[in-house]
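Reader: I'd like a close look at one part of this model, please. Take me through it slowly and spell out the terms as you go.

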2 protein chains.
Amino acid sequence: MSQTRERPPAQAAGGSPGAGGSQSSTGAGRQPGAARPPGRPRSERADKAIVEATVDLLAEEGGVAGVSIEAVAARAGVGKTTIYRRWPNKEALIIDALAALKEPFPAPVGASVRDDLVAIAQAFVSNKTDRKRLDCYWSIMGGAERYPDLMARFTREVIEPRRDVIRLVLRRGVASGELRADLDVETTLWLIMGALAQRARAFGVGPVPDDFATRVVDTLMTGISGH
Amino acid sequence: MSQTRERPPAQAAGGSPGAGGSQSSTGAGRQPGAARPPGRPRSERADKAIVEATVDLLAEEGGVAGVSIEAVAARAGVGKTTIYRRWPNKEALIIDALAALKEPFPAPVGASVRDDLVAIAQAFVSNKTDRKRLDCYWSIMGGAERYPDLMARFTREVIEPRRDVIRLVLRRGVASGELRADLDVETTLWLIMGALAQRARAFGVGPVPDDFATRVVDTLMTGISGH
DNA sequence: CAGATACGCGACAGACCCGTATCGAATCCT
DNA sequence: AGGATTCGATACGGGTCTGTCGCGTATCTG
């Protein structure tokens, strides 16, 4: 869906590229029966540098508009040619680069649903990778009308899997009786994610306090009603 | 804080410019004792058109980067000169233009705190002006690191006053006993605003359903705990 | 009326970016 | 060795945007 140049991808495209990265520069994921093409193989090092530079820029610049191919090339220490040989344009590059943020999220199994939710929420606002993910989220959602495909794919491949983790925890809570039997899972999801995402972005009122995750979960657990 | 040109502002700057807009093109808010400057007065019509075009573009383009002076001028049917005569650069223009979104929000006084919250939440996601405000919010927050002054001022002058309305309702609920005596007002605020803002931006899952505001408030009121 | 200023329009230099092309050097296979 | 391909670097034409300037016209004051 991204490469339009002559060569076949030779790139991640579904697999987990960051798994090994071991010895040889290539020869790992080669198709059995497909001969290696002649000539110098593409640099995996360049692949990684480009994707990382793209994600970093997206997170820092606060918008797709701030990511220019030239800036990516400079930051990755790579020629523009090397980028255009792999992706036809900026949007395709960003779409592929976002796959770098996919790495899923193991559902914690702690003493209680409350503890699990707190653990997830805590990671959401304090973990470094999660923070980068969140910055990219804001960058993409801000320009969502401009790049709907980008938003759709990011939502499907990065956001939803993480929401699924919370869904799982919530359903487990319903099953165990820790949560209401008639729980509105989706609305609860919006409440949790919304509060965390919004608060994490509001620099004006200072950094996210340590106990914020706890307060969110507990307020939500208990409810605000007086009875 | 914005105009650097020779002339004094002659612009809103604190007042409510959209109130009258009645007959004469000027002569309304003139200082008693200060003589009117010679020459053709600045067009109020251009003022309004520029500000409106700026806000619209900010909401539509999904980012500060998408607002160019040239686009604003074209959309407002105005020469670039007319803009540069009033504001020194894009950021100053946007800062002033956002004042157009200030109009506060009367705290509803309905039968119950729950009804008030639902009313506010409903307006938040369905009212047209509120939707534009929300789009601007996303645009600005996305590029918050790039334009911290812009975000700070927008937060202070547009967002916080509206949060204050909800704070008031929540405190009223605590006083009347409808809400818990030990309510964590700020966290509750993040939960409500976060859920609404996030959901309103997630086009991928369809438009905001009519009952979303109700579900958010009720889930929050009741809590999710099983006991 | 004359003087002062604002108006919309278009031109301009400088900056940035896109996407392509070309270069010599490097890397891989046969 | 020789052919194929990629590498980073650089240059290019074409586009958009910025902020300034000059033009002829419109509007207001005295």
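How many residues surround DNA strand D, and which are the closest?

Author: A quick word on ground rules: this is a predicted model, where local features need pLDDT of at least 70, side-chain atom pairs count only at pLDDT 80 or more, and totals for chains, interfaces and linings use all residues. Residues are numbered from 1 along each chain as its sequence is written, while chains are lettered from A and ligands numbered from 1 in the order in which they are written.

Now to your strand. DNA strand D is surrounded by 29 residues, and the closest are G39(A), R40(A), G79(A), T82(A) and R40(B). A residue is near a strand here if its C-beta atom, placed from the backbone, lies within 6 Å of it. Sorted by class, that surface has nine nonpolar, ten polar and ten charged residues (nonpolar is Ala, Val, Leu, Ile, Met, Phe, Trp, Tyr, Cys and Pro; charged is Asp, Glu, Lys and Arg; the others, Gly among them, are polar).

Helices are DSSP runs of H or I, at least four residues, and strands are runs of E, at least two, numbered from the N terminus.

Over residues 68-87 of chain A, the chain is 65% helix and 0% strand, with its end C-alpha atoms 13 Å apart. For residues 44-105 of chain A, the end C-alpha atoms are 26 Å apart.

Next, a helix pair in chain A. The axes of α1 (residues 44-61) and α2 (residues 69-76) of chain A come within 8 Å and cross at roughly 120° (axes are lines fitted to C-alpha atoms, for helices over the stretch in contact, and angles run from 0 to 180 degrees between N-to-C directions). That makes α1(A) oblique to α2(A); under 35 degrees would be roughly parallel, over 145 roughly antiparallel, 65 to 115 roughly perpendicular, and the rest is oblique. On the α1(A) side, the contact is made by A49(A), I50(A), A53(A), T54(A) and L57(A), and α2(A) brings A71(A), V72(A), R75(A) and A76(A) (contact means C-beta atoms, placed from the backbone, within 7 Å). By class, this contact has seven nonpolar, one polar and one charged residues.

How values were computed
Contact = placed C-beta atoms within 7 Å.
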